[in-house]
Amino acid sequence: MSNAALDAIFARRSNRAYTAQKVDDETITLLAKAALAAPSGSNAQPVNVIVVQNVPLILEMEKAVVDYFIRAGDESVVERIKKRNNKIFYDASTVFFLAVKNKAAVDVGIMSENLAIAATSLGLANIILGLPGVVFNDPATTAYWKEKLHFPEGYEYGLAVAVGYAADEGKPHDIDLEKLSYIR
Ligand SMILES: Cc1cc2nc3c(=O)[nH]c(=O)nc-3n(C[C@H](O)[C@H](O)[C@H](O)COP(=O)(O)O)c2cc1C
């Protein structure tokens, strides 16, 4: 059976290297709308989408995230990031930041997957990112980054989704059917 939604779901994977090629504005707007089409509890729509394409700003945040883990002495994360050349956003040309109110983490997660599937369906590389959240949650840097990204009052970092053109190779993870059961 061929089905566009299922094809995108099964093709999606996390891309960790991007070319410098920009995604056109029309496509970015379409992706943002796909994000905002996500369902939310009681239709509260608690997530704001902030599209960042300012490369120096993305690189500044990348360094701040790496510095956070070094300062925190979190060796395992520092090592993991080092193996990825200290990349947090992997040179993606666009990052969608999902700012959320009322701790609606589930709604953020659902929205991030909408974005990931929509991007995949358009042939775009993407990755959902939790790590950047450290600079929004660290009391030493939270005000700075919320201001830089124009978070509305009362909004917190939810997730980010980087989107662009793939510069890596890979394949979707294996599906573990051990995690499937039926009660009939
Ligand atoms: C909520 C969430 C947060 C994630 N945060 C990061 C991150 O900060 N950095 C990263 O490289 N990958 C991140 N990932 C990607 C996961 O590592 C990835 O989804 C997982 O390894 C499975 O691989 P796949 O996405 O290719 O199927 C995140 C994924 C999710 C769902």
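## Helix α3

Let's start with a helix whose length checks out: at 1.5 Å a residue, the 17 residues of α3 (residues 55–71) should span 24 Å, and its end C-alpha atoms do lie 24 Å apart, so expectation and model agree. Keep in mind that this is a predicted model.

The buried residues of α3 are Ile-58, Met-61, Glu-62, Val-65, Tyr-68 and Phe-69. They sit on the same side of α3, because they cover an arc of only 125 degrees around the axis. Their packing partners are β1 (47–52), α4 (75–83), β2 (94–100), α6 (133–137) and α7 (142–148). On the face turned away from this buried side, you will find the exposed residues Pro-56, Lys-63 and Arg-71. After α3 comes Gly-73, with a positive phi near 65 degrees.

## The overall fold

Zooming out, the protein has seven helices and four strands, and from the N terminus they run α-α-β-α-α-β-α-β-α-α-β. The radius of gyration is 17 Å, close to the 16 Å that the globule rule gives for 184 residues, so the protein is as compact as a globular protein of that length.

Of those 184 residues, 31% count as buried. Among contacts between residues at least 6 apart in sequence, 83% join residues at least 24 apart.

## Around the ligand

Which residues surround the ligand? They are Arg-13, Ser-14, Arg-16, Ile-127, Ile-128, Leu-129, Gly-130, Leu-131, Leu-159, Pro-172 and His-173.

Strand β3 (residues 125–129) supplies the largest share of this shell, with three residues.

Note on methods. Residues are numbered from 1 along each chain as its sequence is written. This is a predicted model: local features need pLDDT of at least 70, side-chain atom pairs count only at pLDDT 80 or more; totals for chains, interfaces and linings use all residues. A residue is near a molecule or strand if its C-beta atom, placed from the backbone, lies within 6 Å of it. Helices (H or I, at least four residues) and strands (E, at least two) are DSSP runs, numbered from the N terminus. The expected span of a helix is 1.5 Å times one less than its number of residues. A residue is buried if 20 or more other C-beta atoms lie within 10 Å of its own, exposed if 12 or fewer, and partly exposed in between; C-beta atoms are placed from the backbone. The arc is that of the directions from the helix axis to the C-beta atoms. Two residues are in contact if their C-beta atoms, placed from the backbone, lie within 7 Å. The radius of gyration is taken over C-alpha atoms; the globule rule is 2.2 Å times the number of residues to the power 0.38.
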